[in-house]
Amino acid sequence: MIDRWSKKIEAVTTDFITSFGGLNFQQINQKPDSNTWSIGQIINHLIITNESYYPVIESVQQGSYKIPLIGKIGFMVDFLGNFVLKTVQPDAKRKSKTFKIWEPSSSDIREDIIERFKNHQSDLKKVISGSDDLLERKTVISSPVNRNIVYTLETAFDILVAHEQRHYNQAERLLSNFNFKQDWK
């Protein structure tokens, strides 16, 4: 199971590096309008979102995590997990607004965002591989944004991986709308 996520993380990391690694500061931050994130903001959002799960996972590992009552109701755990997973699928048609804590920086994103993303992805794989015992116990966690949105840790990792692919597709569509794609060296 862990190997499955690692392979998907490696693949999407390679996709991001290949597609956006040659962008300069202006290109990373280019936006078609004020209501659309730049490629840099998309990547920044992924880092922020993924890292928001780290304290939850650490708390579970330390034994200090208290699952809310709804997390003890199996069908609710499954229902909410499947619902969230469905909304972040790469082919999901509906655009959704993110929670405030997951919004990317509104200022310009530094040109080294791809290198930071690459390092972050390595850390994410370590967090996942360090959670093997929690996965075996079918640990239930709540979303970092709402304690009443609960799902298994396995589903959380599925959500994170699908979410990355969804945003890679978004960034690719954004890139295809810009003229500078042919100007890369």
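Which residue forms a salt bridge with Glu-103? The legends below take up this pair and others in turn.

**View 1. Glu-103 and its partner Lys-100 in a predicted model.** Glu-103 forms a salt bridge with Lys-100, and their closest N and O atoms lie 3.6 Å apart; a salt bridge here is a side-chain nitrogen of Lys or Arg within 4 Å of a carboxyl oxygen of Asp or Glu. The model is predicted, so that local features need pLDDT of at least 70 and side-chain atom pairs count only at pLDDT 80 or more, while totals for chains, interfaces and linings use all residues. Residues are numbered from 1 along each chain as its sequence is written, and side-chain values use heavy atoms, with hydrogens and water left out. Lys-100 is exposed at 66% relative accessibility, whereas Glu-103 is partly exposed at 28% (buried means under 20% relative accessible area, exposed over 50%, and partly exposed in between, with a 1.4 Å probe and protein chains only).

**View 2. The salt bridge between Arg-137 and Asp-133.** The closest N and O atoms of this pair are 3.8 Å apart. Arg-137 is exposed, with a relative accessible area of 54%, and Asp-133 is partly exposed at 40%.

**View 3. The salt bridge between Lys-125 and Glu-10.** Here the closest N and O atoms are 3.0 Å apart. The pair links distant parts of the chain, since Lys-125 belongs to helix H6 (residues 113-129) and Glu-10 to helix H1 (residues 2-20), 115 residues apart; helices (H or I, at least four residues) are DSSP runs numbered from the N terminus. Lys-125 is partly exposed at 23%, and Glu-10 is partly exposed at 40%.

Note on methods: Helices (H or I, at least four residues) and strands (E, at least two) are DSSP runs, numbered from the N terminus.
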